[in-house]
Each structure stands twice: as structure tokens, then as C-alpha cells.
Amino acid sequence: MEPDRPRFRPGPPLLCLLGVVVVYLLAVCTPFGQRAENGLVKGYADQARIFELVQSAGPPPLKAAMPTLVAGLVAIAAVALLRRCWWQGCAALAVVVVTVVGTEALHLVLPRPDLVRAPQGLTDGSFPSGHVAVVAGLACGAVLVAAPRVRPYVAMAGMLWLAFTAAAVQALYWHRPSDAMGATLLACACYRVAAQLLPSAATSGGTRPPRPLPALAGVLALVGALAGGAREDAVARPLVFTGAALVCVALYGITTGSSSGPRRSVPGRSGASPQG
């Protein structure tokens with residue numbers, strides 16, 4: 001019996017990368033996009049409701065991005081060693097590293113032209129968001145290395161973490177909505193490449209998630225986005241931050257869900273079986 005051979009389809013990863021380009025061009029390289037996002041930055045960062053929390057303990061990676069990244073990589077490697085899923089572990093680590101390194105590289109090569117004579121504090125390049133890249137990369141990597149039975153719950157935790165972080169970096173005025181979306185799209189592109197290169201049994205689900213789980217994941221993501229994006233001086237702008245964060249969650253959920261759902265293996269045609 002021959003194991004399932006991965007068939008690489010460039011369409012899905014390229015679509016995510018195209019999304020990165022489109023978001024950058026529309027939000028950063030047009031006067032309309034710059035005015036729209038600059039108009040969201042009113043008031044001060046300390047008026048974000050999570051400001052004091054970030055200054056004290058700080059939920060990761062808002063307080064300590066690099067330690068969070070290192071701890072996440074160690075955790076993924078440890079799970080891969082315990083499960084003895086070497087290829088998934090390598091793929092998961094690669095997804096995280098390429099997402100974060102790619103984000104830092106884009107910071108250096110993507111200019112932010114000042115098309116609307118913005119204040120100096122709004123002219124620094126911030127596309128894509130490094131904080132969101134850390135969370136999105138680790139969340140995607142965790143799904144790749146998780147056992148099929150717990151994979152839906154890992155994805156749900158990733159949605160909550162991503163929703164909170166994507167909204168928080170906007171409320172703190174560290175990043176704009178396009179920065180969060182760009183980082184998420186980059187992580188999704190890396191995930192799609194890794195998932196397609198792995199054997200089908202490595203990314204297939206061993207069991208269907210409970211029916212209430214998707215709804216619960218959506219509710220938790222909404223709560224996380226509202227909590228992260230809340231501010232003391234406004235109501236409308238935090239709703240924009242929440243909406244952008246939920247777009248990031250939707251991109252992550254669609255990407256990981258479309259390649260980690262249950263698949264049927266045909267006896268006699270494949271020697272691979274879902275790993276537990």
C-alpha cells in the first residue's frame with residue numbers, strides 16, 4: 001500500500017498572498033485608505049481599557065512578544081516529540097518562523113508613503129502587525145501539530161487569542177486594521193502551504209467536532225474582540241476594531257478548518273490512517 005502523496009495546489013496560498021497585497025495597496029497606498037485608518041487614531045493609547053493590564057502583567061504577546069514566540073515554539077516542538085509526529089512538528093515550526101520573519105521583512109521593504117499629510121506619529125510603517133503575526137503563526141502551528149481529537153478545541157483557543165490580540169493592538173494604537181489583517185493573511189498562506197505538503201492523514205480530523213463548538217468559538221471570539229478593542233473615549237471606533245479582529249478570526253477559521261476537516265480514507269488504496 002502506498003501512502004497518500006501530497007498534491008500541492010498553489011491557488012489557496014497565492015490567494016492569501018494576493019490578499020496581503022490587496023490590503024496593503026488599498027489601505028496604505030491610497031489616500032482613501034490612509035484617511036480611513038488615520039481617522040481611527042483619536043485620543044491617547046492609555047484610554048484603551050486594557051492599557052493598565054498591558055503595562056502591568058500584560059497578556060502575551062502584548063507585553064513580551066519574543067518570549068511568547070520562543071515559548072510557543074518550544075511548546076510546539078514538545079508536542080511533536082510526545083506525539084512523534086515529526087513532519088507535522090517541522091511544518092508547524094516552519095509556519096511560525098516564516099510568518100514572523102516574513103512580517104519583519106515586509107516591515108523593511110514595504111514603504112508607507114504619506115499621501116494625506118498625516119501627523120508624524122502616523123507615518124511610520126507598521127504593515128503587517130508583528131504582534132498579530134506571532135499569535136496567528138502560533139495558532140496555525142498549534143493546529144498542525146495537535147492530535148485530531150483535540151484539534152477543534154485548539155483552533156477555538158486560537159480564535160479567542162487572535163481576536164483579543166488583533167483588537168487590542170488597534171485599541172492601543174499600535175497598529176491599524178490593515179496591519180492585523182495582513183499578518184493574519186500571511187500566516188494563513190504559510191499554513192496552507194504546509195498543510196498541502198503534508199500527507200492527507202497528517203491533517204485530517206479523526207472525529208467531527210461537537211455541533212455547538214463552532215457557535216461557541218464564534219461567541220468567544222466576539223467577546224475577546226470586544227474586550228481587546230474597548231476604549232474609554234469612544235464606542236464607534238472600538239466596533240471597527242472588533243470587526244477587523246473578527247475578519248482575522250474568520251480568515252484563520254476558514255483556513256484551518258478547510259484543511260483539517262474530516263477526510264475518509266479508502267481501504268486498500270491508502271496505508272495512512274488518522275493519527276491520534
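R231 is buried in this predicted model, with a relative accessible area of 2%. A salt bridge joins R231 to D233. The closest N and O atoms of that pair are 2.9 Å apart. D233 is partly exposed, at 29% relative accessibility. D233 also meets R237 in a salt bridge, at 3.6 Å from N to O. R237 is buried, with a relative accessible area of 13%.

Nonpolar packing was examined next. The largest nonpolar core holds 58 residues. Within this core, I50, L62, V132, L144, L162 and Y252 touch the most other members. L62 illustrates the packing. Leaving aside residues up to four places away in sequence, L62 touches I50, V54, H131, F164, T165, A168, V169 and W174. I50 is itself among the core residues that touch the most other members. Another core lies apart from the largest one and has seven residues. V20, A27, V28 and F127 are among them. In soluble globular proteins, nonpolar side chains tend to be buried together.

Helix α10 was considered separately. Its 18 residues should span 26 Å at 1.5 Å a residue. The end C-alpha atoms of α10 are 26 Å apart, in agreement with that expectation. The buried residues of α10 are L213, A217, A221, G224, A225, G228 and G229. Seen down the helix axis, these buried residues fall within an arc of 115°, so they line one face of α10. The face turned away from the buried side carries the exposed residues P212 and A215.

The average pLDDT is 88, and 86% of the residues score at least 70. Over residues 260-276 the pLDDT is below 50. This stretch has 36 contacts in the model beyond near neighbours in sequence. Where pLDDT is low, the predicted coordinates should not be read in detail.

Terms used. Residues are numbered from 1 along each chain as its sequence is written. This is a predicted model: local features need pLDDT of at least 70, side-chain atom pairs count only at pLDDT 80 or more; totals for chains, interfaces and linings use all residues. Side-chain values use heavy atoms; hydrogens and water are left out. pLDDT is the predictor's confidence in each residue, from 0 to 100. Contact means heavy atoms within 4.5 Å. A salt bridge is a side-chain nitrogen of Lys or Arg within 4 Å of a carboxyl oxygen of Asp or Glu. Buried means under 20% relative accessible area, exposed over 50%, partly exposed in between (1.4 Å probe, protein chains only). A nonpolar core is a set of buried Ala, Val, Leu, Ile, Met, Phe, Trp, Tyr and Cys residues joined through side-chain atoms within 4.5 Å. Helices (H or I, at least four residues) and strands (E, at least two) are DSSP runs, numbered from the N terminus. The expected span of a helix is 1.5 Å times one less than its number of residues. The arc is that of the directions from the helix axis to the C-beta atoms.
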